[in-house]
Amino acid sequence: MEQEQLKEKIIALLPEAEFNVNKQYLDINVPSDKMHAFVKLLKESDDLKLDYLFCLSGVDWKTHFTIVYHLTSTFFGHSLVLKVKTTGRENPEVASVADIYATAEFHEREVYDLMGIKFSDHPDMRRLFLDETFIEGFPLRKDYKDEINIIER
Amino acid sequence: MSEEKKVIVELNENPEYIINMGPQHPSTHGVLRFEVSLQGEMVKYLIPHCGYVHRGIEKMCESLTYPQIIHLTDRLDYLSAHMNNEAVSLCVENALEIEVPERVKYIRSILSELNRIASHQLWWSAFGMDLGGLTCFFYGLRDREKILDIFEESFGSRLLHSFIVPGGLMHDIHPNFKKGITDFIKYFRKKLPEYNRFLTGNVIFQARTKGLGILSKEDAINYGITGPSGRASGFSCDIRKIEPYSAYPYVDFKEILYTEGDTFYRYVARMDEMVESMNILEQLVDKMPDGNEYTAKMKPVIKLPEGEYYQRVETARGELGVYIVSDGNKTPYRLKLRTPNFSNLFIMNKLASGFKIADLVAISGSLDLVIPDIDR
């Protein structure tokens, strides 16, 4: 499906979607309260069928965080990028998509482990790489300080 | 019955027996811990614990320039080093909209395919050894040495080369490169039937792997299992066909797909991939343009324009994704590596539950996990 057609279908499903400038994929900002229902629609609708989540990442923008979802369809071949912003830096929380895409369960644990973003309704929200006793914070954040191991340039 | 006796009787009837497989274990091929709950010899459930080799590569990359990042990506999945380098180089080149010379594209694809064969040879050696056929180890590594000799002649190192850089290659290849490859293909085509005589047709091997650990296509898509493990279940995920890069648009090859999805067919998919890689290599070496250009014109300091860039590449184990967020400086603002082994690991619980411990070893061998790729 071409990008223009895809854009029209997305607007029909979710009128609040904002589009970003991106040369590679169709890039959508989604409000965080409507995100879970929208993603479920994307997977189950017959003309979109975005069934393969191939990347879930978190980005720290200093005033807020963004979770980026890269989705593609194995039936039609089109791809999308969804972005969800958190409301601030204190106690960031986003709905989990682990019940829609099974691979998201572990990608979300990694994002929690390294950036501290909690995912509500996640079946097993705990750290993945770092030890449970690691209390010094979340290393991938921009304000993470470690006097001994990290040299600031 | 007294309280104490009741508790003892309960424990005897429903014992929970948990053992650790790893972190040091010859069959996990890396530092990975499986917490296995057993009922006699049968696995009830299995929890993988990763993070023993977590080096913080994504955090380190936020303070390194783009040519410096190449040396770190080598060490992710060290058996597909060229493909990891190619992923980051292609991402940077597409962001800067630079076109590399045709000869460079051919050399990059030749190196990727050679690396794929070497990686599958090592996998075959280790898989056979895990199931008890120790001779497989010696045969596979003996043939892999021929490829490592080609690498050493051109690049100076056998495993981690950091040769594919943004803009082209580090330096030109050795004059014996093409001849080395044609000699190797002639040699290995005669040796591959030996491998099939060893394992594929072996009655014991087939009894140990057929019908074991069946992965359905829906599960493969849901869990993101890519590479030969996913293609053995019918999930058509070969990035060389979906979004071709480098010299893959110029060659003719078929995607290896099976539908059965059990351990035996994951094995057969990789053996067929080795044959297909040799066909691709012959076509590439034939069509490669002559000359000695090895790089495009690049500025001395690489700064990516503001924005986001994603590149997908097919490594020996699946789909590697590189996601770069740039704010205009010479270091990336955020670099995310979507590695194939991270997604492939977490299907282990579903596949191995209900089977015996010996089957667990066979299943994890057929998924072909490389642990530093999981932890980054």
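Visitor: What should I know about the numbering and the model before I start?

Guide: Residues are numbered from 1 along each chain as its sequence is written, and chains are lettered from A and ligands numbered from 1 in the order in which they are written. This is a predicted model, in which local features need pLDDT of at least 70 and side-chain atom pairs count only at pLDDT 80 or more, while totals for chains, interfaces and linings use all residues.

Visitor: How many helices and strands does chain B have?

Guide: Helices (H or I, at least four residues) and strands (E, at least two) are DSSP runs, numbered from the N terminus. Chain B has 16 helices and 8 strands. Its radius of gyration, taken over C-alpha atoms, is compared with a globule rule of 2.2 Å times the number of residues to the power 0.38. For chain B the radius of gyration is 22 Å, close to the 21 Å given by that rule for 376 residues, so chain B is as compact as a globular protein of that length.

Visitor: What share of the residues of chain B count as buried?

Guide: A residue is buried if 20 or more other C-beta atoms, placed from the backbone, lie within 10 Å of its own, exposed if 12 or fewer, and partly exposed in between. By that rule, 46% of the 376 residues of chain B count as buried. In strand β6 (residues 307-315) of chain B, 8 of the 9 residues are buried, so the strand is largely enclosed by the rest of the structure.

Visitor: Which strands pair with one another around β6(B)?

Guide: Two strands pair if DSSP finds at least two bridges between them. In chain B, an open sheet of 3 strands has the order β6-β7-β8, with antiparallel pairing. Both β6 and β8 (334-338) of chain B stand at the edges with a single partner strand each, so one side of each is left without a neighbour in the sheet. Strand β6(B) is joined by 9 bridges to strand β7 (residues 318-326) of chain B, and a hairpin connects β6(B) to β7(B) through 2 residues. Within this pairing, B:E314 has B:E319 in β7(B) as its bridge partner. Between β7(B) and β8(B) there are 5 bridges, and B:V325 has B:R334 as its bridge partner in β8(B).

Visitor: Which residues have the most contacts inside the largest nonpolar core?

Guide: A nonpolar core is a set of buried Ala, Val, Leu, Ile, Met, Phe, Trp, Tyr and Cys residues joined through C-beta atoms within 7 Å. The largest one has 122 residues, and those with the most contacts inside it are A:L53, B:A87, B:C91, B:I110 and B:V322. Its largest share, 11 residues, comes from helix α5 (residues 102-130) of chain B. Leaving aside residues up to four places away in sequence, B:C91 touches B:Y309, B:Q311, B:V322 and B:I324.

Visitor: How many residues does each chain bring to the contact between A and B?

Guide: Two residues are in contact if their C-beta atoms, placed from the backbone, lie within 7 Å. Chain A contributes 21 residues and chain B contributes 23 residues. On the side of chain A that touches chain B, the largest share, 6 residues, comes from strand β3 (residues 52-60) of chain A. For sorting residues, Ala, Val, Leu, Ile, Met, Phe, Trp, Tyr, Cys and Pro count as nonpolar, Asp, Glu, Lys and Arg as charged, and the others, Gly among them, as polar. That side of chain A divides into 13 nonpolar, 6 polar and 2 charged residues.
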